Amino acid sequence: MNKRLVELSKRFPLSLIKSDKELKVASKIYSELGMKDKLSPVENDYFEVLELLIMDYEAKSPRIQAFLAEARATPPERILKSILEESGMSQSQLAREVGCHQEHISAFLAGRRGLSKINAMKLAKYFKVSVELFLPRISEKVA
């Protein structure tokens with residue numbers, strides 16, 4: 001057996017994740033491997049299987065599913081507001097960085113208007129998140 005695979009398997013054997021404690025260990029290794037510029041073929045295989053195990057656990061975890069449901073229910077403007085507060089960035093700084101009008105950011109944060117798909121894509125690219133975070137939820141369109 002490959003030495004690197006043995007090393008990784010000692011840290012976390014590739015088997016179903018059964019607890020949040022095991023998830024924490026698996027996630028730490030997953031992050032370490034994900035941060036590497038280049039993975040060996042063995043590391044890549046381990047990484048891909050570990051990802052599947054993490055996704056399986058998260059899909060079955062009531063705590064994680066409740067968290068995701070709450071996140072999906074959070075209005076896009078509140079998400080952007082939180083990101084700006086955490087980063088210490090002003091609306092005008094953000095507008096300059098992503099290349100949109102500050103008035104559009106301000107009106108969006110105040111709930112007076114939505115974002116264009118183009119501006120939502122610019123924000124998603126800038127913050128390296130899913131564009132869905134900045135688009136209205138289906139339930140909001142119906143209401």
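The following dialogue explains how to read several features of this predicted model.

Colleague: What should I know about the numbering and the model before I begin?

Modeller: Residues are numbered from 1 along each chain as its sequence is written, and side-chain values use heavy atoms, with hydrogens and water left out. The model is predicted, and local features need pLDDT of at least 70, side-chain atom pairs count only at pLDDT 80 or more, and totals for chains, interfaces and linings use all residues.

Colleague: How many helices and strands does the chain have?

Modeller: Helices (H or I, at least four residues) and strands (E, at least two) are DSSP runs, numbered from the N terminus. Here the chain has nine helices and zero strands. Read from the N terminus, the elements run α-α-α-α-α-α-α-α-α.

Colleague: Why is the chain described as more spread out than a compact globule?

Modeller: The radius of gyration is taken over C-alpha atoms, and the globule rule is 2.2 Å times the number of residues to the power 0.38. For 143 residues that rule gives 15 Å, whereas the radius of gyration of the chain is 20 Å, well over that value, so the chain is more spread out than a compact globule. Along its principal axes, the C-alpha trace spans about 60 × 35 × 25 Å.

Colleague: What percentage of the residues of the chain count as buried?

Modeller: Buried means under 20% relative accessible area, exposed over 50%, and partly exposed in between (1.4 Å probe, protein chains only). By that scale, 27% of the 143 residues count as buried. One of the buried residues is N119, at 9% relative accessibility. N119 is found in helix 8.

Colleague: Which residues does N119 touch?

Modeller: Contact means heavy atoms within 4.5 Å. Not counting residues up to four places away in sequence, N119 touches C100 and H104. For the chain, 51% of the contacts with a separation of 6 or more are between residues 24 or more positions apart.

Colleague: Which residues have the most contacts inside the largest nonpolar core?

Modeller: A nonpolar core is a set of buried Ala, Val, Leu, Ile, Met, Phe, Trp, Tyr and Cys residues joined through side-chain atoms within 4.5 Å. The largest one here has 17 residues, and L80, L94, I105, L123 and F134 have the most contacts inside it. At least two residues of this core come from each of helix 5 (76–87), helix 6 (91–98), helix 7 (102–109) and helix 8 (117–127). Helix 8 gives the largest share, four residues. Leaving out residues up to four places away in sequence, L123 touches L80, L94, V98, I105, L115 and F134. A second, separate core has 14 residues, including L8, F12, Y46 and I64.

Colleague: At what angle do the axes of helix 1 and helix 2 cross?

Modeller: Axes are lines fitted to C-alpha atoms, for helices over the stretch in contact, and angles run from 0 to 180 degrees between N-to-C directions. The axes of helix 1 and helix 2 (residues 20–35) come within 10 Å and cross at roughly 145°. Helix 1 contributes R4, L8 and R11 to the contact, and helix 2 contributes V25, I29, E32 and L33. To classify such residues, Ala, Val, Leu, Ile, Met, Phe, Trp, Tyr, Cys and Pro count as nonpolar, Asp, Glu, Lys and Arg as charged, and the others, Gly among them, as polar. This contact has four nonpolar, no polar and three charged residues.

Colleague: Is L5 buried, exposed or partly exposed, and what does L5 contact?

Modeller: L5 lies in helix 1 (residues 3–11) and is partly exposed, with a relative accessible area of 24%. Apart from neighbours within four places in sequence, L5 is in contact with V42 and Y46.

Colleague: What is the phi value of K128?

Modeller: Most residues other than glycine have a negative phi. The phi of K128 is near 55°, a positive value in a residue other than glycine. K128 lies in the loop between helix 8 and helix 9 (138–142) and is exposed, with a relative accessible area of 74%.
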